[in-house]
Amino acid sequence: MLEQLFPKYHQRYVASPFCDQLELFAQWLTDTGYRHDLAQDHVRRLRQVLELAGEPLAQMVNGVDLDRVFAVAPGGASFAATRRAFARCLADQGRWRPETDVRPHAQEIGRAHV
């Protein structure tokens, strides 16, 4: 999928230590119906963020993990959109770990709604 999204520059993405993540995201974006140019932009930004952060993602990821990785991003709406899309991708792949509710009485509230 990376070669289809980036016909001239796919080697940059294939050579990335995060190639598997980029390929997974590229495939998900395409399968989900993102336009070619938007998929390119999201994959490009994800590559930039992952390489700046320089650490592999765990098998299971939550919002705190993505916040830490995306903290190196320049900011702005574009990177926020990529973070949201990547979170949806991870959730669809079964790799999203819900965050623990640390509010006081969270367990009691949760039991009351069951």
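**View 1. Arg45 sits in helix α4.** Helices here are DSSP runs (H or I, at least four residues), numbered from the N terminus. The model is predicted, so local features need pLDDT of at least 70 and side-chain atom pairs count only at pLDDT 80 or more, while totals for chains, interfaces and linings use all residues. Residues are numbered from 1 along each chain as its sequence is written, and side-chain values use heavy atoms, with hydrogens and water left out. Arg45 is buried yet has no salt bridge. Buried means under 20% relative accessible area, exposed means over 50%, and partly exposed lies in between (1.4 Å probe, protein chains only). A salt bridge is a side-chain nitrogen of Lys or Arg within 4 Å of a carboxyl oxygen of Asp or Glu. For Arg45, the nearest side chain of opposite charge is Asp41, 4.6 Å away. In this count of charges, Lys and Arg are positive and Asp and Glu negative; His and the chain ends are not counted. The side chain of Arg45 does reach the backbone oxygen of Ser78, at 3.2 Å. Apart from neighbours within four places in sequence, Arg45 is in contact with Ser78, Phe79 and Thr82. Contact means heavy atoms within 4.5 Å.

**View 2. Leu46 is another residue of helix α4.** Leu46 counts as buried because its relative accessible area is 0%. Leaving aside neighbours within four places in sequence, the contacts of Leu46 are Gln21, Leu22, Phe25, Phe70, Thr82 and Phe86. Leu22 is 24 residues away from Leu46 in sequence, and their C-alpha atoms are 7.3 Å apart in space.

**View 3. Helix α4 is shown with what covers its buried residues.** The 18 residues of α4 should span 26 Å at 1.5 Å a residue, and the end C-alpha atoms are 26 Å apart, which agrees. The expected span is 1.5 Å times one less than the number of residues in the helix. Buried in α4 are Ala39, Gln40, His42, Val43, Arg45, Leu46, Arg47, Val49 and Leu50. The cover over these residues includes α1 (2-5), α2 (10-14), α3, α5 and α6. Just after α4, Gly54 has a positive phi of about 70°.

**View 4. Helix α6 covers residues 77-92.** This helix has 16 residues and reaches 23 Å from its first C-alpha to its last, close to the 22 Å expected. The buried residues of α6 are Phe79, Thr82, Arg83, Ala85, Phe86, Ala87, Cys89 and Leu90. Among the elements covering them are α3 (19-32), α4 (36-53) and α5 (63-70). Just after α6, Gly94 takes a positive phi of about 75°.

**View 5. Glu55, Asp65, Arg68 and Arg97 are linked in a network of salt bridges.** The model has 7 salt bridges by the rule used here. Glu55 and Arg68 meet through their side chains at 2.8 Å, N to O. This pair links distant parts of the chain, with Glu55 in the loop between α4 and α5 and Arg68 in helix α5, 13 residues apart. Both are partly exposed, Glu55 at 31% relative accessibility and Arg68 at 43%.

**View 6. Asp65 forms salt bridges with Arg68 and with Arg97.** The side chains of Asp65 and Arg68 meet at 3.4 Å, N to O. Because Asp65 and Arg68 are 3 residues apart in helix α5, they are separated by about one helical turn. An α-helix has 3.6 residues a turn, so residues three or four places apart point the same way. The side chains of Asp65 and Arg97 meet at 2.9 Å, N to O. Asp65 lies in helix α5 and Arg97 in the loop between α6 and α7 (106-112), so this pair ties together parts that are 32 residues apart in sequence. Asp65 is buried, at 14% relative accessibility, whereas Arg97 is partly exposed, with a relative accessible area of 35%.

Methods:
Helices (H or I, at least four residues) and strands (E, at least two) are DSSP runs, numbered from the N terminus. A polar contact is a pair of N or O atoms within 3.5 Å; within protein, one must be able to donate a hydrogen and the other to accept it, and residues adjacent in sequence count only if both atoms are side-chain atoms.
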